[in-house]
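Me: I would like to go through the terms used for this model and what each one rests on. Please set each value against its cut-off.

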Amino acid sequence: MTSPVFGFIHTPNSCLLTRRHSFLTQRAAASDGAANAFFWNARTDCWRPDASDVERISWGKPAKKKGTGSRGVPHRLDRDERKLYDIARRKGFLEVAGSAWRAQRREAPLLNTFRSYCDARGSPGIVLHKSRDGLEDEVALDLSPLRRPEHFADWTVEIVSRADSPGLVSSSTEEDYLFEEEMTKSDDDPWETRPIYQVPPFVVTWKLPRAEAKRICKVLADMFETSDAAVSSSRKPVGVKPGKNRRSGGYGIG
């Protein structure tokens, strides 16, 4: 087994519990001494979006729960992005070409929506960024949806060991993600009270050839139980009209 190798790069209400959260907590406690025991757990006493609201804003509809969407963070998906999003929910990891940047929006709505979806589930986000030649794909594992920053460093050691492949860790400061006008309102813990787009990602990355990168994604999906074979294709809600081609505004319409 390859020795874990990683480095740190530093750049400048009560949660509604799902049955999955309860199951994970119980199983983690029950199998603490087992070889396949959960070494991680998602925070439950925190703000999280509802999965149904994440679906709504992905169509450009307003969320029912305040804070789920933001005018400055686009979430509305186009047809091609929605296909990738539905596949990702079933497989447990998202596959995108390059950075998934959409020029018209000057943003990446697919990555924003997938991160919100992972936050709603209390699962880390796994994304495979495919290179053009398939020789240096990037696997990105974002632990921030677990909302337990005090454990991220320790969990990274375990993740890299179980994946049997060296990884690199990158993180950003909270000030990079909390909007200035929001920071002045309270001194609450942002990991407890803020939407996921207002807290920094904590990402473990691997750069690997395509076949090995996909293997790592599958290992991570099994490790964190992120796949859901029961997920069906998204259905367009009644009354949704094509979004206007604008760079910002209106729940991520784009």
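Me: Why are helix 3 and helix 4 called roughly parallel to each other?

Reply: Angles under 35 degrees count as roughly parallel, over 145 as roughly antiparallel, 65 to 115 as roughly perpendicular and the rest as oblique. The axes of helix 3 (residues 79-91) and helix 4 (residues 109-121) cross at roughly 30° and come within 10 Å, so the two are roughly parallel. The model is predicted: local features need pLDDT of at least 70, side-chain atom pairs count only at pLDDT 80 or more, and totals for chains, interfaces and linings use all residues. Residues are numbered from 1 along each chain as its sequence is written, and side-chain values use heavy atoms, with hydrogens and water left out.

Me: Which residues make the contact between helix 3 and helix 4?

Reply: Contact means heavy atoms within 4.5 Å. Helix 3 contributes Glu-81, Leu-84, Tyr-85, Ala-88 and Arg-89, and helix 4 contributes Pro-109, Leu-110, Thr-113, Phe-114 and Tyr-117.

Me: What makes Cys-46 and Cys-118 count as buried?

Reply: Buried means under 20% relative accessible area, exposed over 50%, partly exposed in between (1.4 Å probe, protein chains only). Cys-46 has 0% relative accessibility and therefore counts as buried; Cys-118, at 3%, is buried as well.

Me: How many disulfides does the rule give?

Reply: A disulfide is a pair of cysteine sulfur atoms within 2.5 Å. The count by this rule is zero.

Me: Which residues of helix 2 are buried, and what do they pack against?

Reply: In helix 2 (residues 51-58), the buried residues are Asp-53, Val-54, Glu-55, Ile-57 and Ser-58. They pack against helix 3 and helix 4.

Notes. Axes fitted to C-alpha atoms, helices over the stretch in contact; angles between N-to-C directions. Helix = DSSP H or I, 4+ residues; strand = E, 2+ residues; numbered from the N terminus.
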